[in-house]
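Here is my note on the model you sent. Please read the points with the structure open.

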Amino acid sequence: MGWLSAVAIYFIIWWLTLFTVLPIGVRSQADEDDIILGTETGAPTNPRLGFKVLLTTGISFLVFGLFYWITVINGWGVNDIPQIVPEFSDN
C-alpha cells in the first residue's frame with residue numbers, strides 16, 4: 001500500500017468515525033432548560049468539539065492499524081472472503 005492510499009483510507013475512516021462520535025454526550029438546550037431566543041431548542045449547549053476530534057483521531061488510528069494489520073501484514077484481501085452465493089455459470 002502506497003502512502004497516498006494509506007492517507008486516503010485513514011481520511012475516510014476518520015470521517016466515518018467522526019460522524020459516529022459526534023452525538024456522544026450532547027445535551028440540547030431543551031435538556032438544559034437554557035433556551036436562547038431565536039435558536040433551535042435542539043441545538044447543543046456544549047458540543048465539546050475539541051475532545052471529539054481527539055477521540056475521533058485516536059479511534060481512527062486504532063481502526064486504521066487493524067486495517068493495516070489485516071491487509072498489509074497478513075496479506076488478506078477481498079478475494080479471501082468465502083463466496084456464499086453459488087456460481088450458476090455453464091463453465
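1. A definition comes before the charged pair. A salt bridge here is a side-chain nitrogen of Lys or Arg within 4 Å of a carboxyl oxygen of Asp or Glu. Keep in mind that this is a predicted model.

2. Searching the whole structure turns up 1 salt bridge. E32 and R27 form a salt bridge through their side chains, at 2.6 Å from N to O. The pair counts because 2.6 Å, N to O, lies within the 4 Å cut-off.

3. How accessible are the two partners? E32 has a relative accessible area of 39%, so E32 is partly exposed. R27 is at 42% relative accessibility and is therefore partly exposed too. The class in between runs from the buried limit, under 20%, to the exposed limit, over 50%.

4. Now the helix packing. Two packed helices are described by the angle between their axes and the distance between the axes. Helix 1 covers residues 3-21, and its axis lies 8 Å from that of helix 3. The angle between helix 1 and helix 3 is about 130°. Helix 1 is therefore oblique to helix 3. Which hand does the crossing of helix 1 and helix 3 have? That crossing is right-handed.

5. M1, L66, Y68, W69, V72 and I73 make a nonpolar patch of about 580 Å². One of these residues, Y68, sits in helix 3, which spans residues 49-73. Y68 has 36% relative accessibility, so Y68 counts as partly exposed. Patch residues need over 30% relative accessible area, and Y68 has 36%.

Definitions and conventions: Residues numbered from 1 in each chain as written. Predicted model: local features only at pLDDT ≥ 70, side-chain atom pairs only at ≥ 80, totals over all residues. Heavy atoms only, no water. Patch = residues over 30% accessible without salt bridge, like charges linked within 9 Å, V, L, I, M, F, W, Y side chains within 5 Å. Areas by Shrake-Rupley, 256 points an atom, 1.4 Å probe, with all protein chains shown as cover. Helix = DSSP H or I, 4+ residues; strand = E, 2+ residues; numbered from the N terminus. Buried < 20%, exposed > 50% of the residue type's maximum accessible area, 1.4 Å probe, protein only. Axes fitted to C-alpha atoms, helices over the stretch in contact; angles between N-to-C directions. Parallel < 35°, antiparallel > 145°, perpendicular 65-115°, else oblique. Left-handed = near helix turned anticlockwise from the far one by under 90°.
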